[in-house]
Amino acid sequence: MNKLIRFLILMVCSVYAGCSQESPSGNTRNGNNLLVFEDTVHDFGTIDEGSDGTWAFTFTNKGDVPVILSDVRSSCGCTTPEWPREPIAAGEKGTIKVKYNTAITGSFSKSISVYTASEKNPIVLVIKGNVRAAQ
């Protein structure tokens, strides 16, 4: 019984330690690749229905090898991302442009997952705000 309790405690500690490790917010690192975003959250505040809901997230490749953005996915169809398809050279900047459909009124919070060819876990960007109905 004592061995079983020790084993269970060891397993719980192992799971906790494994789940608590994460990369810094807005950055992804794998080997020599390092993307650094100027910001990972953009708050539009209150904007009018039908207004421009576009924002560009800017990043820099701080690594020493080119980085390829393999995929960029939004959390819903109301948000459309555009991203560079060519490799981002070391030291170069790039942008991911995100457009929210402001025909949908009310508050919103949408995530955009950025996948690189060399990283398993995505970088998560967020746009949020409130679309005020036209009067």
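Two strands are taken to pair if DSSP finds at least two bridges between them, and the strands themselves (E, at least two residues), like the helices (H or I, at least four), are DSSP runs numbered from the N terminus. The structure is a predicted model, in which local features need pLDDT of at least 70 and side-chain atom pairs count only at pLDDT 80 or more, while totals for chains, interfaces and linings use all residues. Residues are numbered from 1 along each chain as its sequence is written, and side-chain values use heavy atoms, with hydrogens and water left out.

Of contacts (heavy atoms within 4.5 Å) between residues at least 6 apart in sequence, 64% join residues at least 24 apart.

Four of the strands form an open sheet with mixed pairing, in the order β3-β9-β8-β5. Because β3 (41-48) and β5 (69-74) stand at the edges with a single partner strand each, one side of each is left without a neighbour in the sheet. From one strand to the next, the twist averages 15°, an angle between N-to-C directions, on a scale from 0 to 180 degrees, of axes fitted to C-alpha atoms. The partner of β3 is β9 (residues 123-132), to which β3 is joined by six bridges, the two strands running parallel; in this pairing Val41 stands opposite Val126 in β9.

Of the 135 residues, 33% count as buried, which means under 20% relative accessible area, as against over 50% for exposed and in between for partly exposed, with a 1.4 Å probe and protein chains only. In soluble globular proteins, nonpolar side chains tend to be buried together. The largest nonpolar core here has 22 residues, and those with the most contacts inside it include Phe37, Phe59, Val114 and Leu125; such a core is a set of buried Ala, Val, Leu, Ile, Met, Phe, Trp, Tyr and Cys residues joined through side-chain atoms within 4.5 Å. Among the strands that each supply at least two residues of this core are β2 (33-37), β4 (54-61) and β8 (106-116), but β9 gives the most, with four residues. Leaving out residues up to four places away in sequence, Val114 touches Leu69, Asp71, Val72, Ile96, Pro122, Ile123 and Leu125.

Burial also reaches a loop, since Ile88, between β6 (79-82) and β7 (93-100), counts as buried at 6% relative accessibility. Beyond its neighbours within four places in sequence, Ile88 is in contact with Phe59, Asn61, Val65, Pro66, Val67 and Lys93. Ile88 and Phe59 are 29 residues apart in sequence, and their C-alpha atoms are 9.9 Å apart in space.
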